[in-house]
Amino acid sequence: MSAALMTLTGVSRSFGGLKAVQDVSLAVPQGSLTALIGPNGAGKTTLFALMSGFLIPDSGRIEFDGQDITGRAPDLNARQGLARTFQIVQPFAAQTVRENIAVGAHLHEPRRVAALAAAEAVAQRVGLAAQLDKPAADLTVAGRKRLELARALATQPKLLLLDEVLAGLNPQEIGDMIPVVRGIAQSGVTVLMIEHVMQAVMNLAEHVWVLAQGQLIAQGSPAEVTSDAAVIEAYLGHGTAAKLRRQAAAAAAAGDVA
Amino acid sequence: MTDLFILFPSILNGLTTGAVYALIALGLTLIYGVLHIINFAHGAALMLALYGVYWLKEAAGIDPYLALPIMVPAMFMLGYGLQRGVINRASHGKDENILLVTLGLSIVMENLALLFFKSDTRTIETAYTLTTVPIDIGFAQAMIALPKLVAFGGALVASVVLILIVGRTDLGRAIRAVAKEKHGAKLMGIDVEHVYAMSFGIGLACLGAAACFLLPAYYVNPQVGNGFVLVAFTIVVLGGMGSFSGALLGGLLIGVVESLGGLLLGESLGQIGIFLLFIAVLLFRPQGLFGAKA
Amino acid sequence: MTDGTRTRMPALHKELLRIAIFAVGVALLLNVLDSGVALNFVMMALYAALLAQAWNILGGYGGQFSFGHALFFGTGAYVQAIAQIDGGLNPWLAMPLGVLASAGVGVFVGALSFRYGLKGSYFALVTLAFAEVFRIVALSVPFTGAGVGLMVPLREGFGNMQFGSRRGFALMVLGLVVLALLVTCWLRHSRFGAYLQAVRDNEDAARAAGVNPFRIKLGAIALSGGFMGAGGAFYVQAFQYIDPGIAYGAHTSVEALVGAIVGGMGTLWGPLIGALALHVLADLTRNLFGQLPGINMVIYGVVLVLMILFAPRGLGGLGRSVRELWKGRTK
């Protein structure tokens, strides 16, 4: 594994009596495509919020690209190359797709025309070129997810935190999106994704962390993790592991789409 | 001891005004707690109510206290109608629209009053306007105008009635349900639109009562609402948005602070004190002294 | 091909051209008009437009509704007056001072409000409270002339920013309006403007994209306050008088926001259209009903309520809806 782009050391965060994240330590290798999984309410999105600076940890350290960014504001982190998407998509509804993406592009491009052009290029990459002049509010869920991705991509991140970018998509749309994510990772961006869609996790992730009730209960390759007894129990379900292994075999047999 | 002797009448006056402030603020709190809107038209509505009481006295000779059974239902109906007919329709689902619509309504109300009643300040004369009552607590004495005492008592009674309605009746239960969880309440079969309008109506009905208690000891002109609305907001924010006990205690507190402030710093600076307190609370402790975070 | 229902925003050069045409057109109109009544009408309409444009910067593009925008107006006005009367400063020098002062007050109020995360109703309330505080202070303090107000002595001449006829003042306020148009145009085609609208539409998403909402909002309130201050300074020159009620009163605050909302918040021409429409309406009312106290404001209030009820995107939005409907029918 290459050097770590982001390291968490003993990060914890509580809300009142609820321990949302407990003593989590992990290291995201540079250039990797990794996943963070776990049952609902495990604290995954909270962890993303802590990583990106939307929440300040009660304890622990967060390092990114060699710097201590614990508690640093999200916009500063974005400028350093740390971008995130939101589980519940947050478009600038009144603005067009192009204008939406341009906000991200402006991070490195102060001129308006150039930023709009950069936005168009990013839209091509994620397959939104046909909708550039549509108001964001008119997009389907799938479109909005891509928009979210595009806007984050436009900030030219080193690390991209994707929060359930496949949630709410039908199997066709998922099949379309997976190559896009892979393409981003292959272009040099380190990607960490929160995902429930196991097809994507098995397909894409090199390394998986499993969060349950705020704690890291397992980590390893997708195959290792999904056969881990603790993980299976956390997800509640006898036979879940077997089912997943069958799915993974089928996906590998069908061959990669990209 | 001598200080208290001087301050005592001021404190008493403050308490009587404060009770009326509390009643006004309670209406605002109810509206905010249920509809989650800041009713910018609250002051103008109070002003209309005051003119209502004034007109009933001047034109029909009805004593303000006897006007209660007229003003309270009338203001209730005005509130119900405004919410159901205008404010609800104007929201289009966006909070900012409600902000602007209540502002628009307040502008219309205030200037209609200006149009019809001109800008003169008006007062009423009753048999008891000048009667004073001595209050003696041993180490301090004061003479309090009877209308103010009645205002104190009446406002407190009205406040208690309101709190009881919300706490003990079926309507109150529906109101609290809608305030807490609108969609769940709807699924339970509660007519949310109706509850909204009822809440707004009750909020304005409080103003009707407050006006009846206020006018004998006070005055009315088209701008009087402005002064009250910011004080009412200060109380609501201070007491904690959505907290009845907070509004009640806050009202009394503000009344006393304003009275003492006016005594020690002069009228204008006293008023500024209230506004600065308001700004400070908004900035540093928006949840108020009693409320949960808004 | 795109099936976008929204036309692309006009390119920068197109908008600049339109602004130029507007500027030249109105300037020509002002040179042709002779009657004092007509010149005064145009001047007051442009003045109302300036206030609306100022409010639009913070309210329309920034999404922060100020209900006490008179705060900045009054500051600019009093600085303009006091700098001349007590400081003996030439009005042309006093005006930038007034603008700076009002922008400064904007930064102060903004820094407090935005630092503590005030939004929506709370922000509106705070601006209202600040305006009231300033009004009461102006009412009580001697150097603002207290309740009596301040009068700027009559000293006609271009060098003294007191023009013989309304034409001069109308041209001056036209200049300010055009400046506001240019700044608004800049907002629509710049990174600052893109960031400002992003913060308005979704602050968290903006932060994730690298925007510092606090700094952006401060910039907006400074710009908005500055233009309001210019309006205040202009008022003092045109009417040679200011008092607390005019300076910090509700009327001025309402005039600023109603024009922008009626015309269409967050648009380039909306505030101008709205202010003009309201001004015409007010004038018509005056001709029909005479000079009744409060009638103007009643109209403003009613129009505001009706707009929110039926056309929340303002007249400009109505225009856009009509265009979209037409496009749909001809498809």
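Hi everyone. Let me start with what I mean by touching: two residues are in contact if their C-beta atoms, placed from the backbone, lie within 7 Å. By that rule, chain A and chain B do not touch, and their nearest C-alpha atoms are 14 Å apart. Please keep in mind that this is a predicted model.

So which chains do meet? Two pairs of chains touch, and the pair with the most contacts is B and C. Chain A also meets chain C, with 29 residues of chain A in contact with 23 residues of chain C. On the chain A side, the elements that give two or more residues are helix 2 (74-80), strand 6 (82-84), helix 3 (97-105) and helix 4 (112-126). Helix 2 of chain A provides the largest share, four residues. If you like to think in residue classes, that side of chain A has 14 nonpolar, seven polar and eight charged residues.

Now let's move over to chain C and look at a pair of helices. Two packed helices are described by the angle between their axes and the distance between the axes. For helix 11 (residues 250-263) and helix 12 (residues 270-289) of chain C, the axes come within 6 Å and cross at roughly 110°. Angles of 65 to 115 degrees count as roughly perpendicular, and therefore helix 11 and helix 12 of chain C are described that way. The crossing of these two helices of chain C is right-handed.

Which residues make that contact? From helix 11 of chain C, we have V258(C), G259(C), A260(C), I261(C), V262(C) and G263(C). Their partners in helix 12 of chain C include G270(C), P271(C), L272(C) and I273(C). Taken together, the residues of this contact divide into ten nonpolar, four polar and no charged.

Last topic: backbone angles. Most residues other than glycine have a negative phi. Here are two residues with a positive value.

In chain A, phi of Q156(A) is near 55°. Where is Q156(A)? Look in the loop between helix 5 (141-154) and strand 7 (159-163) of chain A. Q156(A) has 17 other C-beta atoms within 10 Å, so this residue is partly exposed.

In chain C, phi of A146(C) is near 50°, again positive in a residue other than glycine. A146(C) lies in the loop between helix 5 (120-140) and strand 1 (150-151) of chain C. Is A146(C) buried, exposed or partly exposed? A146(C) counts as partly exposed because there are 15 C-beta neighbours inside 10 Å.

Terms used
Residues numbered from 1 in each chain as written. Chains lettered and ligands numbered in written order. Predicted model: local features only at pLDDT ≥ 70, side-chain atom pairs only at ≥ 80, totals over all residues. Nonpolar A, V, L, I, M, F, W, Y, C, P; charged D, E, K, R; others polar. Buried ≥ 20, exposed ≤ 12 C-beta atoms within 10 Å, placed from the backbone. Axes fitted to C-alpha atoms, helices over the stretch in contact; angles between N-to-C directions. Parallel < 35°, antiparallel > 145°, perpendicular 65-115°, else oblique. Left-handed = near helix turned anticlockwise from the far one by under 90°.
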